[in-house]
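The points are numbered and can be read beside the model.

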Amino acid sequence: MEGSGDEDIQPLLSRERKTVFPPVSACCSSRYNLAILAFWGFFVVYALRVNLSVAMVAMLDDNVTSPKNGSVEACPPHSNSTQRNHVKKGKVYDWDSDSQGWILSAFFFGYIVTQIPGGYLAGRYGGKLLLGFGILGTSCLTLLTPLAASLSAYCVIVLRVTEGLGEGVTFPAMHAMWAQWAPPLERSTLVSLSYAGAQFGTVVSLPLSGIICYFLDWSYVFYIFGVFGVAWCLLWFLLASNTPETHPTISNAERAYIISSLHGQHSVKNYVPWRSLWKSLPLWAIIVPHFCYNWTFYTLLTLLPTYMQEVLQFDIKENGFLSALPYLFCWMVMISAGLIADCLIKKYNFTTSAVRKMCTIIGMIGPAIFLVAAGYVGCNYKVAVLFLTISSALGGFSVCGFNINHLDIAPSYAGILLGITNTFATIPGMVGPIVAKALTFNHTIAQWRTVFYIAAAIDVFGAVFFTIFGKGAVQSWAINH
């Protein structure tokens, strides 16, 4: 494999740099302002993506979703559950299980298409406009969801596919921007802070969607989050810049610090070395765990509210809060993991490779263990929620593992690399919910246990693959000599 024979050394500080600029305080700095703005952007991205998971529970006719087989294994309703007495507000639909699976996975059929083009365009022209218009388009389409639902399930599927096209450019575009903005020794902190917005969007969207469905009706879920997304886009276009050089208010000291810290890490080539890129084993070492991690992540993201309702028998309000709990702790872990990872590299002289592998092992094998355990607690509601929460929370370490490794091995092509790995990693979002729905047709704990087994086995394989083949140094094909 071309470009994979690098030494496992600390590659983040250029030994050839003649002028060294001292670090600039994070407080009120432009790079951390960008991270905070991006945090809210990815809050929007995931709020728009997951609100359908809860709204779907309120959109469906109970005669369709309730199991008709009296022998179905499910937990008894809670004594304080209002599910039986709650009257659904808004129009309901008789979409069958197959239609539900396609609606939940349709987003990813569009999402997969724009990953690599988005990374290429962001690397060539900058990520600001690409990310901004991607979220703006998705926000506007979200506002049209109630209209599409009133027409047919097929219209919802088409709309969700189109939303996926818009959101598909967001992560590659942001990765391309961080390649220009993130000093290497602050990389884990900045990237994890910005992408933690995705988890926070899930934390807020799931319970808030449940409350909205309970007190208003499900259509307001799409109106409220859609309007918030449009408002964020206006701020993004006004405040963000593609590079420190083009930022109108950045201090000279911070601009010099960022540029000097990235010296020697970027290529000046006017073309993408596609052949070397595809032959690079360190890239494939990211592709495999990214695919594996997302199998578990997307399966739970789209179907956890369904599991909470069908098996654990939580009502719509409880469902939203408890479905959000795993992502609340994952969000907290992501931010903490970024600080820990940078500290290990800066203060304790860990190699980048060692830190990335350690975070990947914790962030993939840990969730696999607790996911399997969750399938064996039966109707012990508290322990089931606890295990699912620990599983998702430990997954937050992965953002400082394989998920950030694109910036380590090829900063100049980070957007393209993320587009490539995210293309493969989107396949689980397309297939996972359909497979899980097909396996849980009787809504039994045993069937869900099979879903958890599959996800855990895939997770472990991804962690082992990255541990063996992952690298932490800039690859030879990614720079000029």
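**Notes on the predicted model**

1. At 8% relative accessibility, valine 385 counts as buried, because the limit for buried is under 20%. Valine 385 belongs to helix H16. The structure is a predicted model, and this applies to every point below.

2. What does valine 385 touch, once its neighbours within four places in sequence are left aside? The contacts of valine 385 are Met308, Phe314, Leu322 and Leu325. Valine 385 can also be placed against leucine 312: the two residues are 73 residues apart along the chain, and their C-alpha atoms are separated by 9.5 Å.

3. Glycine 429 sits in helix H18. With a relative accessible area of 0%, glycine 429 is buried. Leaving aside neighbours within four places in sequence, Ser105, Phe108 and Tyr298 are in contact with glycine 429. Isoleucine 112 is 317 residues away from glycine 429 in sequence, yet the C-alpha to C-alpha distance between the two is 9.4 Å.

4. Serine 241 is a loop residue, found between helix H10 (219-239) and helix H11 (252-261). Is serine 241 buried or exposed? Serine 241 has a relative accessible area of 9% and is therefore buried, the limit being under 20%. Apart from neighbours within four places in sequence, serine 241 is in contact with Lys128, Met177, Trp181, Thr246, His247 and Pro248.

5. How many cavities of 30 Å³ or more does the model hold? The count comes to four. The largest cavity contains about 280 Å³ of space. Helix H9 (187-215), helix H13 (281-310), helix H14 (316-346) and helix H18 (414-439) are the elements that give two or more residues to the lining of this largest cavity. H13 supplies the largest share of that lining, five residues.

6. The lining of the largest cavity is made up of 20 residues. Those nearest the centre of the largest cavity are Tyr46, Phe171, Tyr293, Asn294 and Asn403. By residue class, the lining of the largest cavity has twelve nonpolar and eight polar residues, and no charged ones.

7. Why does the largest cavity lie between domain 1 and domain 2? Domain 1 (28-64 + 95-263) and domain 2 (276-480) both give residues to the lining of the largest cavity, so the cavity lies between them.

8. The second largest cavity has a volume of about 110 Å³. The residues that line the second largest cavity are Gln199, Tyr293, Thr296, Phe297, Leu300, Tyr327, Cys330, Pro367, Ser391, Ser392, Gly395 and Asp459. Two or more lining residues come from each of H13, H14 and helix H16 (381-394). H13 gives the most to the lining of the second largest cavity, with four residues.

9. How do the residues lining the second largest cavity divide into nonpolar, polar and charged? There are six nonpolar, five polar and one charged. Tyr293 is named among the lining residues of the second largest cavity, and Tyr293 is also one of the residues nearest the centre of the largest cavity.

10. A disulfide is a covalent bond between the sulfur atoms of two cysteines. A search of the whole structure finds zero disulfides. Cysteine 213 is buried, at 3% relative accessibility, whereas cysteine 155, at 29%, counts as partly exposed.

11. Cysteine 28 lies in the segment before helix H1 (30-59). Cysteine 28 is exposed, because its relative accessible area is 67% and exposed means over 50%. The phi angle of cysteine 28 is near 60 degrees, a positive value in a residue other than glycine.

12. Asparagine 349 also has phi near 60 degrees, again a positive value in a residue other than glycine. Where is asparagine 349 found? Asparagine 349 is in the loop between H14 and helix H15 (352-374). With a relative accessible area of 62%, asparagine 349 is exposed.

Technical notes
Residues are numbered from 1 along each chain as its sequence is written. This is a predicted model: local features need pLDDT of at least 70, side-chain atom pairs count only at pLDDT 80 or more; totals for chains, interfaces and linings use all residues. Side-chain values use heavy atoms; hydrogens and water are left out. On a 1 Å grid over the protein atoms alone, a cavity is a set of points where a 1.4 Å probe fits but cannot get out, and a pocket is an open set with protein on both sides within 12 Å along at least five of seven lines; lining residues have an atom within 4 Å of a point. Grid points are joined across faces, edges and corners, and a volume is the space filled by probe spheres set on the points. Ala, Val, Leu, Ile, Met, Phe, Trp, Tyr, Cys and Pro count as nonpolar, Asp, Glu, Lys and Arg as charged, and the others, Gly among them, as polar. Domain bounds come from an automatic or database domain assignment. Buried means under 20% relative accessible area, exposed over 50%, partly exposed in between (1.4 Å probe, protein chains only). Contact means heavy atoms within 4.5 Å. A disulfide is a pair of cysteine sulfur atoms within 2.5 Å.
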